[in-house]
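Subject: Structure for you to look at

Hello,

Here is the structure I promised to pass on. Please open it beside this email and follow along.

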Amino acid sequence: MNLPIRHRGNLHEIAALVDDRPAEHIFQIDRRVFVDPQVYEAEIRHIFEATWVFVGLESQIPKPHDFLTTHIGRHPVLLSRDQDNKISCLLNTCRHRGTLVCPFKSGNRKLHVCRYHAWSYDSAGRNVAIPERATGQYPDGFDHENHDLIHVARLGSYRGFIFASLSADVPALDDFLGEAKAFLDLVIDQSPTGQLEVVPGEISYTFDANWKLQFENGLDYYHFGATHASYVDILKKRASLATSEAGFSKEAASEGEGQGSFSFDHGHAVNWSIKQTTLYGRPLASDPQLLQAARSRVGPDRVKWMLRQRNLTIFPNLQVIDISSAQLRTWRPLAANKTEMVSHCLAPVGEPAAARALRIRNYEDFFNPTGLASSDDNVMYEFCQSGYEAEQAGYTQGYLRGAAGAGIGTGRHAKELGVSPAESAFGAVSFGGETNFYAGYREWRRLIERAAAKAI
Amino acid sequence: MTELEQAAAFLFREARHLDMHEWDAWVAMYRKDAVYWLPAWRDEYQTTTDPQTEVSMIFHNTRLGLEERIARIESRKSITALPLPRTLHQIGNVELRAASPAQIETEATFAVHVYDPRTAKEHTRFGRYQHVISREQETWLIAKKKIILVNDKVPAVLDFYSI
């Protein structure tokens, strides 16, 4: 009986590693959060396997019997569309002996047959065959048991973004996403049909560092000039040679430059910037007809925001980066010091060929371990992970930019988008506030505390 | 030397330039309008086939893309090259797939051993090279290089020197 009590003690201790005292402008994260295997275990169990996580786009499985496989925390799952177009998210483990039922990344199958003893399931997860059942000398109770694949506790979708939860104790998806939806909309509504698709060609990579380095980096505008100095040099040189002019857009002079962020409930946040001179073009701005159609569809204010850099984090496992291209990236923690990333080029359905080609080139240019910018981030995470081993150095000072000025001057921006964020920040283009990390860490702490309260 | 031997020697020279960080000599082996293409994988079996509608890991349709990559790691501003990993290219199974007075096409396998002197971690990238080499008077220049990377789950960073 000692073990659960020790576990509860650990969870309270783990939750306290996020030291959040807003009234004192104190926000600090103990280094253990990044390096301790016990913290990793707690995160997997009580965050990734206990709240809504993004699992895929509806458009990735467009036809009946299409499927893809992914993970929710440690759990392998099968996302499958059945005959009636209903999408199920099923634990990808045979009811008979636990074997991975579907070993493929994606495809189209009416039947998923386990390769071990050929128990078979349809595209809705219903068991349709237990071979040699009659001669199996099964006990009476066997016939009364359900043999279907297990559905995850909750499944929901927002405009094609599918989320699943292994715990039923979560808010409705609509409430979970809350006003962060406005920033998904800014990507989705770039499509004339209101649908997004991933461009074929998935890229997956790992880094030897904690997943929260990626979480933070996606909201960190401050690092750009230093970490990506070599990429900025390339962009400047291209601009001077005018080798790439497609898609460059201008803000109205009256807009005023700046860099800001909004934080929402349940851990979501977005950072954004308004710059008079951009160093890269965008597919939407590369085609005057496309741009005009978007303006008439959603209005000039929202198109203005579509053309601004926006890095959206949907806690705990999704970032949608909309810059020179759009990236859909998810992560899966493999250990305290190892993370697996999956990245897709995200695109509006119905995009003209030239804009699509520009989107793909820009995506390859910036993102992924083969790109000229994300590769620097990945290596930087590994440098951080190494540095975090210096336990005696105590707390880092990495959460304080913007701590004194939260909420300044963003009312106009929020109003344009019709959102009222839980917190907002705004400053000069060089601001790079760090307070937009807080929402995620507060949700992180809430979920660990919730688990601590439940532990027996 | 036979044509096959000449082709193999050309591929070995390209590999040596990369391993020895002789970037100028390496990039000089490419035509200005060279295509350098590392497709992504569409699924377990097939790579992407059309760079205009599908994602590649790297796609450059001029030499400038390679020159930018060289400038980036030479700038001492990219952490991916601080320090630069040591590499060792091994090329095998060189075949001449086509030969005409204007160009030759080769296919070969590669294994690149990558060692990070900072962490002492090492990994190997392996796959196939498909070269289209144009004969320009006395010199040969790469018109197109397609690289099929077999193990495409990349540890943190992958650049032109590690494939």
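Below is what was found, part by part.

**Before you start**

This is a predicted model: local features need pLDDT of at least 70, side-chain atom pairs count only at pLDDT 80 or more, and totals for chains, interfaces and linings use all residues. Residues are numbered from 1 along each chain as its sequence is written, while chains are lettered from A and ligands numbered from 1 in the order in which they are written.

**Two domains in chain A**

Chain A is assigned domain 1 (54-156) and domain 2 (178-454). Such bounds come from an automatic or database domain assignment. The centres of domain 1 and domain 2 of chain A, taken over C-alpha atoms, are 35 Å apart. Five residues from domain 1 of chain A and nine residues from domain 2 of chain A make the contact. Contact means that the C-beta atoms of two residues, placed from the backbone, lie within 7 Å. On the domain 1 side, two of the residues are nonpolar, three are polar and none is charged. Here Ala, Val, Leu, Ile, Met, Phe, Trp, Tyr, Cys and Pro count as nonpolar, Asp, Glu, Lys and Arg as charged, and the others, Gly among them, as polar.

**Sheets in chain A**

Strands (E, at least two residues) and helices (H or I, at least four) are DSSP runs, numbered from the N terminus. Two strands pair if DSSP finds at least two bridges between them.

One open sheet has four strands in the order β6-β5-β4-β7 (chain A), and the pairing is antiparallel.

Five bridges link β11(A) to β12 (161-165) of chain A. A:Leu155 has A:Ala164 as its bridge partner in β12(A).

**The core**

A nonpolar core is a set of buried Ala, Val, Leu, Ile, Met, Phe, Trp, Tyr and Cys residues joined through C-beta atoms within 7 Å. A residue is buried if 20 or more other C-beta atoms lie within 10 Å of its own, exposed if 12 or fewer, and partly exposed in between, with C-beta atoms placed from the backbone.

The largest core holds 145 residues. A:Val55, A:Val77, A:Leu79, A:Ala164, A:Val320 and A:Ile448 touch the most other members. Helix α15 (438-454) of chain A gives the most to this core, with eight residues. Both domain 1 and domain 2 of chain A give residues to the core, so it lies between them. Take A:Leu79: beyond its neighbours within four places in sequence, its contacts include A:Val55, A:Phe67, A:Ile87 and A:Ile162.

Helix α6 (181-188) of chain A has seven of its eight residues buried, so the rest of the structure largely encloses it. Among the buried ones are A:Phe183, A:Leu184 and A:Ile188.

**A residue in a loop**

A:Val170 lies in the loop between β12 and α5 (173-177) of chain A. A:Val170 is partly exposed, with 19 other C-beta atoms within 10 Å.

**Where chain A meets chain B**

How many residues of chain B are in contact with chain A? The count is 27, and they touch 34 residues of chain A. β2 (56-60), α3 (64-74) and β7 (154-155) of chain B each supply at least two residues to that side. β2(B) gives the most, with four residues. By class, the chain B side has twelve nonpolar, seven polar and eight charged residues.

Now find β14 (203-207) of chain A. β14(A) and β7(B) run parallel and are joined by two bridges. A:Tyr205 stands opposite B:Val154, and A:Thr206 stands opposite B:Pro155. β14(A) also runs antiparallel to β20 (338-348) of chain A, with five bridges. In that pairing, A:Tyr205 stands opposite A:Met341. The covered face of β14(A) has A:Ile203, A:Tyr205 and A:Phe207, while A:Ser204 and A:Thr206 are on the uncovered one. In a regular strand, side chains alternate between the two faces of the sheet.

Best wishes
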